[in-house]
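Subject: Structure handover

Hello,

Here is the structure you are taking over. My notes on what was found in it follow below.

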Amino acid sequence: MDSHSTPGRTPLLLLALASLLFSAALVVRGLPPKKVTLPRDLPAAERPTLREPQQLLGPTAALRAAELDPLITPAHRATFTATRKALFAMKGCPPLVDFADSADGQRFERLLTDLRSGSREDAFAALALILRAARACEWKPGLLAHTEHAERLGSWLADWLRSWGEAGAKDALLGDAVLDAAIVYGKVMHTAWSAPIVGHKQAPYDRALARFDELAGTTPGRRTALGEMLQQRYPRAMNQLFVRTDALAGLAEECKALHPELSGECAK
């Protein structure tokens, strides 16, 4: 009996199995794709972290600069690594504009633009590169008051602060970095202003004051998060910005105390 009844049930079993497989395929196709999680998408507690990040903005940054590589957005990582290696290996202390206008310098400036529009780790790395360039290149105006080098460096810092000054002031990684960028910017633009043997160069001074008005809110009743941080950490320098007489002198003095090697002359 069994040998005669089994063939009759087989088509039904095959049909049921095919129906189950078809239903499973529809369910699988309906599932959303698995999300790829990048470091910047992770919760703050799970993001890669830097130990003593301010060391990467100082004169000994070369010892640890490679730690930045894995934190860079993948699309820019290879360019960053190559630029970092070249910049930290730079010798000869070229005038800053000569470097900036070279092929390597143009790649450097394009990378800064990309990094400024990326993650906070990208932004931190961009500032590390700017400060390395400030130590590896000559930007002191000299007796002939060639301020174009200081002004070019100042433009990099101003662009960085415009992108990250306010957001960075509220960020655990970028808070101290923002303050560093602000006082170095003040120092650089003060150097350009005071370059002539007689008198002062007004244009870079006016640009810097306008930038600080925007970034820090130096007019009464309009203090930004960056302005509040400057007031708390460097109150004398912040108050000097209100005076408008040699307004950048306080920032320049704070920079000299914190980064005495950032004089516009490479270490001999």
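The expected span of a helix is 1.5 Å times one less than its number of residues. Helix α5, residues 120-136 of this predicted model, has 17 residues and reaches 24 Å from its first C-alpha to its last, close to the 24 Å expected. Of the 17 residues of α5, 17 are buried, so the helix is largely enclosed by the rest of the structure.

Cysteines

The structure holds one disulfide. The partners are C93 and C266, with their sulfur atoms 1.9 Å apart. C93 sits in the loop between α2 (74-88) and α3 (96-100), while C266 is in the segment after α11, so the bond ties together parts that are 173 residues apart in sequence. The angle about the S-S bond is 85°, and the link of C93 and C266 is right-handed. Both C93 and C266 are buried.

C137 is in no disulfide. The nearest cysteine sulfur to that of C137 belongs to C266, 6.5 Å away. C137 counts as buried because its relative accessibility is 0%, under the 20% cut-off. C255 is buried as well, with a relative accessible area of 1%.

Salt bridges

There are 17 salt bridges in the structure. As background, side chains of opposite charge can pair when their charged atoms come close.

One of the salt bridges is between D104 and R107, where the closest N and O atoms are 2.2 Å apart. D104 and R107 are separated by about one helical turn because they are three residues apart in helix α4 (residues 103-116). An α-helix has 3.6 residues a turn, so residues three or four places apart point the same way. D104 is partly exposed at 43% relative accessible area, and R107 is partly exposed at 40%.

The side chains of R162 and D159 meet in a salt bridge of 2.7 Å, N to O. R162 is partly exposed, with 40% relative accessibility, and D159 is partly exposed with 25%.

R233 forms a salt bridge with D176, the closest N and O atoms being 2.9 Å apart. That pair links distant parts of the chain, as R233 is in helix α9 (residues 225-233) and D176 is in helix α7 (residues 175-193), 57 residues apart. R233 is partly exposed at 43% relative accessible area, and D176 is partly exposed at 33%. Salt bridges that share partners also join D101, E109 and R152 into one network.

R152 is placed in helix α6. Leaving out residues up to four places away in sequence, R152 touches L96, V97, A100, D101, Q106 and E109. R152 and M189 are 37 residues apart in sequence, and their C-alpha atoms are 9.9 Å apart in space.

H259 is found in the segment after α11 (249-258). Is H259 buried or exposed? H259 is buried, with a relative accessible area of 6%. Residues up to four places away in sequence aside, H259 touches L57, R135, D180 and V184.

Surface

L143, L144, I197 and V198 make a nonpolar surface patch of about 560 Å². Of these, L144 lies in the loop between α5 and α6 (148-169). L144 counts as exposed because its relative accessible area is 69%, over the 50% cut-off.

Regards

Notes:
Residues are numbered from 1 along each chain as its sequence is written. This is a predicted model: local features need pLDDT of at least 70, side-chain atom pairs count only at pLDDT 80 or more; totals for chains, interfaces and linings use all residues. Side-chain values use heavy atoms; hydrogens and water are left out. Helices (H or I, at least four residues) and strands (E, at least two) are DSSP runs, numbered from the N terminus. Buried means under 20% relative accessible area, exposed over 50%, partly exposed in between (1.4 Å probe, protein chains only). Contact means heavy atoms within 4.5 Å. Patches are made of residues with over 30% relative accessible area and no salt bridge: like charges are joined within 9 Å, nonpolar side chains (Val, Leu, Ile, Met, Phe, Trp, Tyr) within 5 Å. Accessible areas come from the Shrake-Rupley method with a 1.4 Å probe; for residues, only the protein chains shown count as cover. A salt bridge is a side-chain nitrogen of Lys or Arg within 4 Å of a carboxyl oxygen of Asp or Glu. A disulfide is a pair of cysteine sulfur atoms within 2.5 Å.
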